[in-house]
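Please walk me through this model.

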Amino acid sequence: MNGRPLAGTIAACARVITGAQATWRGGAPAPGQTVFFANHTSHLDFVVLWACLPPALRAQTRPVAARDYWSSGMRRYFAVDIFNALLVSRHGGENSARETIDQIAAEMGEAYSLIIFPEGTRGDGETVAPFKSGLYHLCMQKPGVQLVPVYLENLNRILPKGQFLPVPLISRVTFGAPSLFDRSEPKAAFCERMHDAVCALRES
């Protein structure tokens, strides 16, 4: 991955452009595999979130991104070669969704952490849409991962949907306290709890 050293430079530039201010409400997670899950409003989201991680965590953290957007030309180079993103399909039926979770779990291995956006698509920046069940099914395969909620604020205004040039503004990246998966928790309750954890950071 020859472009990987460039990731730090691009991330630093993104933090300058977005004025990203990182706050850790519950402290940094303990060593070990972690899933950072956040609201999604901009193509800058995974870059800025990744840039706000401590350097040691960055090296082992892969963003999960939509293959249909990031799989061609310079976009693919940016996502895969520079940020080591894990490209997945976000369309298809139940079998496709199951294969996607299998792919993510396999590519995590025993070393990588992830950045994911459980809404499944970009929102309007005003509300956080209900979470899809992918995070739950991933945890069923990787029950030992730490789960860290993240709220991204103002990135939708810095790079609105359909735009290519960012507008310099101040953004916030708020990390919540880590939690663990409980196999006995029903899927719907888990998804709601994770959704509420992200929303609570917006209101804090």
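**Rings, cores and cysteines**

The charged end of R75 sits over the ring of Y69, 3.8 Å from the ring centre. Such a charge is NZ of Lys or CZ of Arg, within 6 Å of the ring centre and within 35 degrees of the ring normal. R62 has its charged end over the ring of Y112, 5.3 Å from the centre.

A word on the basis. This is a predicted model, in which local features need pLDDT of at least 70, side-chain atom pairs count only at pLDDT 80 or more, and totals for chains, interfaces and linings use all residues. Residues are numbered from 1 along each chain as its sequence is written, and side-chain values use heavy atoms, with hydrogens and water left out.

Y69 also belongs to an aromatic cluster, formed by F46, W50, Y69, W70, F78 and F83. Rings of Phe, Tyr and Trp (its six-membered ring) pair if their centres lie within 6.5 Å; planes under 30 degrees apart are stacked, over 60 edge-to-face, and the rest tilted. By this rule there are 13 aromatic pairs. In one of them, F37 and F131 have ring centres 6.3 Å apart and planes at 90°, so they meet edge-to-face. This pair links distant parts of the chain: F37 is in strand 2, and F131 is in the loop between strand 5 (113-116) and helix 7 (134-141), 94 residues apart. Helices (H or I, at least four residues) and strands (E, at least two) are DSSP runs, numbered from the N terminus. Both F37 and F131 are buried. Buried means under 20% relative accessible area, exposed over 50%, and partly exposed in between (1.4 Å probe, protein chains only).

F46 and F83 are edge-to-face too, because their ring centres are 5.7 Å apart and their planes stand at 80°. F46 lies in helix 2 and F83 in the loop between helix 5 and strand 4 (86-88), so the pair ties together parts 37 residues apart in sequence. F46 is buried at 4% relative accessible area. F83 is buried at 0%.

Now the nonpolar packing. A nonpolar core is a set of buried Ala, Val, Leu, Ile, Met, Phe, Trp, Tyr and Cys residues joined through side-chain atoms within 4.5 Å. The largest has 31 residues, and F36, L49, V150, V173 and F175 have the most contacts inside it. Two or more residues each come from helix 1 (4-18), strand 2 (34-38), helix 2 (45-51), helix 5 (73-82), strand 6 (146-153) and strand 7 (172-175). Helix 2 gives the most, with six residues. Apart from this core lies another of 27 residues, among them V64, V88, I104 and A105.

What does F36 touch, beyond residues up to four places away in sequence? The list includes W24, L49, L114, V148, V150 and F175. Contact here means heavy atoms within 4.5 Å.

K142 is found in the loop between helix 7 and strand 6. Is K142 buried or exposed? At 12% relative accessibility, it counts as buried. Its side chain reaches the backbone oxygen of G109 at 2.5 Å. Beyond four places in sequence, K142 is in contact with Q33, A105, M108, G109 and E110.

Last, the cysteines. The whole structure has zero disulfides, a disulfide being a pair of cysteine sulfur atoms within 2.5 Å. The sulfur of C191 has its closest cysteine sulfur in C139, 9.4 Å away, which is too far for a bond. C191 is buried at 11% relative accessibility, while C13 is partly exposed at 43%.

Methods. A polar contact is a pair of N or O atoms within 3.5 Å; within protein, one must be able to donate a hydrogen and the other to accept it, and residues adjacent in sequence count only if both atoms are side-chain atoms.
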